[in-house]
Amino acid sequence: MKIRAARHADFVEVKVLIQHEMETGLRKDEATGRLIPAHFIELVEANLNNRTVLSMQWGVAVAQNPYLAFRVSNSKPGDVLVINALDNRGESYHGEVILS
Amino acid sequence: MRSSTATLGLLGLLYSRLACAFSLVWNENAFGSTTASAAIEAAGYGSAVDHPGLVLTAPELAENGAVVPIEVESRIPGTQSIALFVDANPNPMVAEFVFTADTPPYVSTRIKMASTSLVRVLAKTSSGVWQASQPVKVTLGGCGG
C-alpha cells in the first residue's frame, strides 16, 4: 500500500493506492470456461492517532489496484494516519504515514 | 471433504474476527442487489431528491470502463455519508464512505463501469438523503469477460 499526505491550508489531502486485483467474480477464465472467483476488498478504514476518521465499504466495482483520495481536517504535524483494509478472503492490508 | 469444510469454517471464523476490527459491516444485500433502486433501498439511501450542494465530477465520456475517475464533494451541512451507484452495472452499488468530524465529505476514486450508465451519488445528511447524478458514456466496458 502506498500513502501520500499533503498539507493544504484547511486540510491534509491523503492519497492511497492499494495493490489488489479486485476480481468481480463475473469474468470467465478463457482457458477453462469457468468463472474466476470474486476477490475484492470489502472494508477499509482510516485512523488518525488510533481514532477512526473514515470508514468505507467497497464492492467489486472499485477499480483494480484501488485509488482513494480523501481529506483530513484538525490534524497536526506528527499525527499518525493508518489505513487498514480487509478483503473477502480475510486477507488484510495495512499502511501508515506520519503527517507533516 | 470433511477437512475442507473444517478449513472453510476456520477461514470464516478468522474473517469474522478480523472484520470485528472495522466499524462497518459489509452490506451483502446492498452490494448483491441487481437493480439500482433495490441497492439504494438496501443501503439505506431510499427516497433521495436532487441537491445542487452535492457535487459529482465524472467524465462525460470514458474510453476505458475499467478505470473511470469519480470525485464527490458534499457542501450540504451535516453530511454523514456518501454512497456511489452505477445503474447499469450487474451490481449497481460501488461503495459507501462514512465521514466523521475529522473528514470533510470529499472522496475521489476510480470505478468500473460495464457499459454506458447513469452514475449516481447519494448523501445522508442531517436534513435527509440527497442525490446527484450524471450520465457517463463508456466506449469499452470494464467488466471484461
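In this predicted model, the side chain of A:Ser75 makes a polar contact with the side chain of A:Arg7, at 3.2 Å. That pair belongs to chain A, but much of what follows concerns the place where the two chains meet, a contact that takes 37 residues from chain B and 40 residues from chain A. The area buried between chain B and chain A is about 3400 Å², and carbon and sulfur atoms give 57% of this area.

**The loop residue A:Ser75**

- A:Ser75 is found in the loop between S5 and strand S6 (80–87) of chain A, and with a relative accessible area of 16% this residue is buried, because the class covers values under 20%.

**The interface of chain B and chain A**

- On the chain B side, B:Phe22, B:Asp102 and B:Lys112 lose the most area to chain A, and together they account for 21% of what that side buries.
- Between chain B and chain A, the count of residue pairs in polar contact, with both residues at pLDDT 80 or more, is 18.
- Helix H1 (2–19), strand S6 (93–99) and strand S7 (106–111) of chain B each supply at least two residues of the side of chain B that touches chain A.
- By class, this side of chain B has 23 nonpolar, nine polar and five charged residues.
- Two salt bridges are found across the interface of chain B and chain A, and one of them is formed by A:Arg51 with B:Asp102, whose closest N and O atoms are 2.5 Å apart.

**Strand pairing between the chains**

- Strand S5 (residues 67–72) of chain A and S7(B) pair in the antiparallel sense over three bridges, and within this pairing B:Val107 in S7(B) is the bridge partner of A:Phe70.
- B:Thr109 lies in strand S7 of chain B and counts as buried at 5% relative accessibility, while its side chain reaches the backbone oxygen of A:Tyr67 at 2.7 Å.
- Leaving aside neighbours within four places in sequence, B:Thr109 is in contact with residues of both chains, namely A:Val62 and A:Tyr67 in chain A, and B:Val68, B:Pro69, B:Ile70, B:Leu84 and B:Phe97 in chain B.
- A:Val72 is found in strand S5 of chain A and is buried, with a relative accessible area of 0%.
- Leaving aside neighbours within four places in sequence, the contacts of A:Val72 include A:Phe11, A:Val12, A:Val14, A:Leu48 and A:Leu81 from chain A, together with B:Asp102, B:Thr103 and B:Pro104 from chain B.
- A:Val72 and A:Asn49 are 23 residues apart in sequence, and their C-alpha atoms are 12 Å apart in space.

**Salt bridges**

- Over all chains, the structure holds seven salt bridges.
- The side chains of B:Glu73 and A:Arg71 meet in a salt bridge with an N to O distance of 3.9 Å, and because B:Glu73 lies in strand S4 (residues 68–74) of chain B and A:Arg71 in strand S5 of chain A, the pair joins two chains.
- Of these two partners, B:Glu73 counts as partly exposed at 26% relative accessibility, whereas A:Arg71 counts as buried at 16%.
- The side chains of B:Arg120 and B:Asp87 meet in a salt bridge at 2.7 Å, N to O, and since B:Arg120 lies in strand S8 (residues 117–125) of chain B and B:Asp87 in the loop between strand S5 (79–86) and S6 of chain B, the pair ties together parts that are 33 residues apart in sequence.
- B:Arg120 is buried, with a relative accessible area of 19%, and B:Asp87 is partly exposed, with a value of 25%.
- Salt bridges that share partners join A:Glu13, A:Arg71, B:Glu73 and B:Arg75 into one network.
- Within chain A, A:Arg27 forms a salt bridge with A:Glu23, the closest N and O atoms being 2.8 Å apart; A:Arg27 counts as partly exposed at 32% relative accessibility, and A:Glu23 counts as buried at 6%.

Definitions and conventions: Residues numbered from 1 in each chain as written. Chains lettered and ligands numbered in written order. Predicted model: local features only at pLDDT ≥ 70, side-chain atom pairs only at ≥ 80, totals over all residues. Heavy atoms only, no water. Contact = heavy atoms within 4.5 Å. Buried area = accessible area lost by both parts, 1.4 Å probe. Salt bridge = Lys/Arg side-chain N within 4 Å of Asp/Glu carboxyl O. Polar contact = N/O pair within 3.5 Å; in protein donor to acceptor, adjacent residues only side chain to side chain. Helix = DSSP H or I, 4+ residues; strand = E, 2+ residues; numbered from the N terminus. Nonpolar A, V, L, I, M, F, W, Y, C, P; charged D, E, K, R; others polar. Pairing = 2+ DSSP bridges. Buried < 20%, exposed > 50% of the residue type's maximum accessible area, 1.4 Å probe, protein only.
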